[in-house]
Amino acid sequence: MNQIEQRTKRTEWFRNDRFGMFIHWGLYSIPARGEWVRSMEKLSIEQYQPYFDGFNPDAYDPRQWAKTAKAAGMKYAVLTAKHHDGFCLFDSKLTDYKAPNTKAGRDLIREYVDAFRAEGLKVGIYYSLIDWHHPDYPAYGDRIHPMRDNEAWKDKKHTFSRYLDYMHGQVRELCTNYGKIDLLWFDFSYDKMTGEAWRGTELMTMIRQLQPDVLVDNRLEASGEGYGSILSAEPGLTSGDFASPEQIIPNAGIRNVKGDSVPWEACITLNNNWGFNAADPYWKSSAQIIRKLVECVSKNGNLLLNVGPDARGRIPAESVRILAEVGAWMDQNKASIHGCGASTLPKPDWGRFTQKGNTIYAHILEAPVGPLCLPDLAGKVQTVRLVSTGNEVKLADTWNTKAHAEHAFLTFGPTAHETYPLPDEVDTVVSFELKK
Ligand code: GLC
């Protein structure tokens with residue numbers, strides 16, 4: 001099988017599951033100003049050390065995190081094992097800058113993988129290629145390093161190959177010590193730091209030997225700013241298995257140069273921060289999240305929705321509330337998300353279609369005046385059912401649809417020509433099959 005055929009086979013579960021939880025958690029949860037605080041505020045390692053000394057997540061309960069994700073209808077999760085600050089949540093033998101050496105006193109990734117597997121979710125690990133703590137990672141003159149313009153760092157020498165040995169060694173630890181890993185989420189490539197600059201082929205060869213079925217994102221070659229070679233006709237080992245648009249949903253999904261759909265996953269925050277930020281109240285509503293999840297699936301994509309637990313290890317109450325509301329909708333309508341993708345039907349103006357085999361799911365996001373139009377489907381629609389209850393929804397054929405004979409129409413009330421509220425104003429989902 002070529003790379004695209006292998007990718008298609010490998011991503012089958014991913015393209016079925018559609019909805020995952022991203023979890024950004026680490027020392028940056030203590031200053032509570034987002035995960036880039038060291039770079040944004042140009043904090044030295046010494047200025048950041050109190051967060052290492054004070055890291056004591058007494059409320060860390062990954063089993064509760066997993067239950068929250070599962071109740072929301074999520075099927076997989078991705079947790080930051082190491083973010084750009086270089087702090088490791090896992091018990092790496094290659095560094096002392098790790099959770100077992102803090103007051104946490106233990107391997108927090110171990111507990112995460114055990115808890116999420118126990119709840120039946122697949123486990124992903126985020127690993128930052130960037131490392132602002134390691135002495136051999138480029139600092140002065142780098143685009144984003146906290147010490148990028150600190151004159152005292154101007155003459156510091158670093159041996160990048162030593163950092164790459166460290167990075168490869170840690171990826172080996174993560175692929176060896178935690179059982180079957182379902183997804184590796186690298187982050188991110190920039191400027192000359194891309195592909196073979198990371199010794200990407202060597203890294204991927206090792207990963208494929210240790211975890212042959214693991215999915216890898218496209219950020220050995222890209223970031224949220226682009227896609228890398230995953231869109232090419234002949235992607236390589238470092239192209240990745242899925243594209244990772246960030247804080248955006250591609251207008252028409254993602255296709256390669258041949259026009260074939262490429263697996264993709266939009267990663268989106270619940271407010272505007274990945275890591276916990278106490279000053280960010282801009283929470284998205286559950287209605288918006290539901291509609292964005294539908295949008296991703298209608299375009300053959302996934303949604304990886306982020307939570308940023310606080311310094312004690314708790315997912316913020318607002319996030320828990322939003323996810324619970326999303327879960328209530330998913331309880332009723334998950335058949336229109338899990339296992340679904342883009343429809344053969346064009347997007348209607350009142351919402352979106354998702355599809356699984358011959359079953360079409362109409363996501364009605366805007367209530368009609370009078371009956372709802374199913375464009376160009378006159379005489380083609382079999383029995384229509386309300387997904388949440390299974391009730392039949394009547395096809396409408398009445399005096400005010402006569403002039404529109406090419407279309408099919410639905411009504412949600414007793415008389416076909418009048419206007420009724422939708423059963424669910426956020427997203428009313430009905431299903432039907434087309435007559436052969
Ligand atoms: C960007 C940010 C990083 C975050 C990632 C999530 O790369 O730099 O902090 O983890 O997006 O996609």
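**Exercise 1. How many cavities of 30 Å³ or more does a search of the whole structure find?**

Solution. Step 1: the model is predicted, so that local features need pLDDT of at least 70 and side-chain atom pairs count only at pLDDT 80 or more, while totals for chains, interfaces and linings use all residues. Residues are numbered from 1 along each chain as its sequence is written, and side-chain values use heavy atoms, with hydrogens and water left out.

Step 1: a cavity is a set of points, on a 1 Å grid over the protein atoms alone, where a 1.4 Å probe fits but cannot get out. A volume is the space filled by probe spheres set on the points.

Step 2: the search finds four such cavities.

**Exercise 2. Which residues line the largest cavity?**

Solution. Step 1: the largest cavity holds about 90 Å³ of space.

Step 1: lining residues have an atom within 4 Å of a point. They are Q3, R7, R10, M204, R208, V216, P235, G236, L237, S239, G240 and D241.

Step 2: α1 (3–10) and α8 are the elements that give two or more residues to this lining. α1 gives the most, with three residues.

Step 3: the lining divides into four nonpolar, four polar and four charged residues. Here Ala, Val, Leu, Ile, Met, Phe, Trp, Tyr, Cys and Pro count as nonpolar, Asp, Glu, Lys and Arg as charged, and the others, Gly among them, as polar.

**Exercise 3. Describe the second largest cavity by volume and lining.**

Solution. Step 1: its space is about 60 Å³. Step 2: 13 residues line the second largest cavity, and the closest to its centre are N271, N273, W283, V307 and G308. Step 3: by class, the lining has six nonpolar, seven polar and no charged residues.

**Exercise 4. At what angle do the axes of α7 and α8 cross?**

Solution. Step 1: axes are lines fitted to C-alpha atoms over the stretch in contact, and angles run from 0 to 180 degrees between N-to-C directions.

Step 1: the axes of α7 (residues 160–176) and α8 (residues 200–210) come within 10 Å and cross at roughly 15°. The two helices are therefore roughly parallel (angles under 35 degrees).

Step 2: contact means heavy atoms within 4.5 Å. M167, H168, V171, R172, C175 and T176 of α7 meet E202, L203, M206, I207 and L210 of α8.

Definitions and conventions
Helices (H or I, at least four residues) and strands (E, at least two) are DSSP runs, numbered from the N terminus. Angles under 35 degrees count as roughly parallel, over 145 as roughly antiparallel, 65 to 115 as roughly perpendicular and the rest as oblique. On a 1 Å grid over the protein atoms alone, a cavity is a set of points where a 1.4 Å probe fits but cannot get out, and a pocket is an open set with protein on both sides within 12 Å along at least five of seven lines; lining residues have an atom within 4 Å of a point.
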